[in-house]
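Hi,

Here is the structure I promised to pass on to you.

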Amino acid sequence: TRFASAAELETTLRDYLIAYNHHIPQKALNFLSPIEAMKQWQARQPNLFTKKVYKQAEPDTYADP
């Protein structure tokens with residue numbers, strides 16, 4: 001993929017990072033997304049975290065007309 005600018009590349013990479021961490025299940029994490037796995041870990045070991053782990057909103061989906 002070619003990007004028109006560094007800003008476009010940065011936006012694409014940030015969007016992918018959010019999708020990967022918040023929405024794509026990982027086999028190594030028992031088919032949880034990384035954030036879902038981290039939320040479970042935080043529930044078991046809250047003393048290891050200084051901030052609350054939260055999941056981003058789901059990506060937009062469009063229905064066919």
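Let me start with Trp41, which is partly exposed at a relative accessible area of 39%. On this scale buried means under 20% relative accessible area, exposed means over 50%, and partly exposed is in between (1.4 Å probe, protein chains only). Before going further, some ground rules: this is a predicted model, so to speak of local features I need pLDDT of at least 70, and side-chain atom pairs count only at pLDDT 80 or more, while totals for chains, interfaces and linings use all residues. Residues are numbered from 1 along each chain as its sequence is written, and side-chain values use heavy atoms, with hydrogens and water left out.

**Aromatic pairs**

Searching the whole structure gives two aromatic pairs. Here, rings of Phe, Tyr and Trp (its six-membered ring) pair if their centres lie within 6.5 Å; planes under 30 degrees apart count as stacked, over 60 as edge-to-face and the rest as tilted. Tyr16 and Tyr20 make a tilted pair, with 6.0 Å from centre to centre and 35° between the planes. These two tyrosines are four residues apart in helix α1, so about one helical turn separates them. Helices are DSSP runs (H or I, at least four residues), numbered from the N terminus. Tyr20 is partly exposed, at 31% relative accessibility. Trp41 pairs with Phe49 in an edge-to-face arrangement, 5.2 Å centre to centre and with 80° between the planes. Phe49 counts as buried, at 18% relative accessibility.

**Helix α2 and what covers it**

Which residues of α2 are buried? They are Ile35, Ala37 and Gln42. Viewed down the axis of α2, the buried residues fall within an arc of 155°, so they line one face of the helix. The arc is taken over the directions from the helix axis to the C-beta atoms. On the face turned away from this buried side, α2 carries the exposed residues Ala43 and Arg44. The cover over the buried residues of α2 includes α1.

Tyr54 and Ile35 are 19 residues apart in sequence, yet their C-alpha atoms are 7.2 Å apart in space. Setting aside neighbours within four places in sequence, Tyr54 is in contact (heavy atoms within 4.5 Å) with His22 and Ile35.

**The loop between the helices**

Asn30 is in the loop between α1 (6-23) and α2 (34-44), and its phi is near 55°, a positive value in a residue other than glycine. Phe31 is found in that loop too, and Phe31 has a positive phi of about 60° although it is not a glycine. For context, most residues other than glycine have a negative phi. Asn30 is exposed at 66% relative accessible area, and Phe31 is exposed at 57%.

**A nonpolar patch**

Finally, Phe3, Leu9 and Leu13 form a nonpolar patch on the surface, with about 250 Å² of accessible area together (Shrake-Rupley method, 1.4 Å probe). Patch members have over 30% relative accessible area and no salt bridge, and nonpolar side chains (Val, Leu, Ile, Met, Phe, Trp, Tyr) are joined within 5 Å. A salt bridge is a side-chain nitrogen of Lys or Arg within 4 Å of a carboxyl oxygen of Asp or Glu. Leu13 is in helix α1 and is exposed, with a relative accessible area of 51%.

Best wishes

Notes
Patches are made of residues with over 30% relative accessible area and no salt bridge: like charges are joined within 9 Å, nonpolar side chains (Val, Leu, Ile, Met, Phe, Trp, Tyr) within 5 Å.
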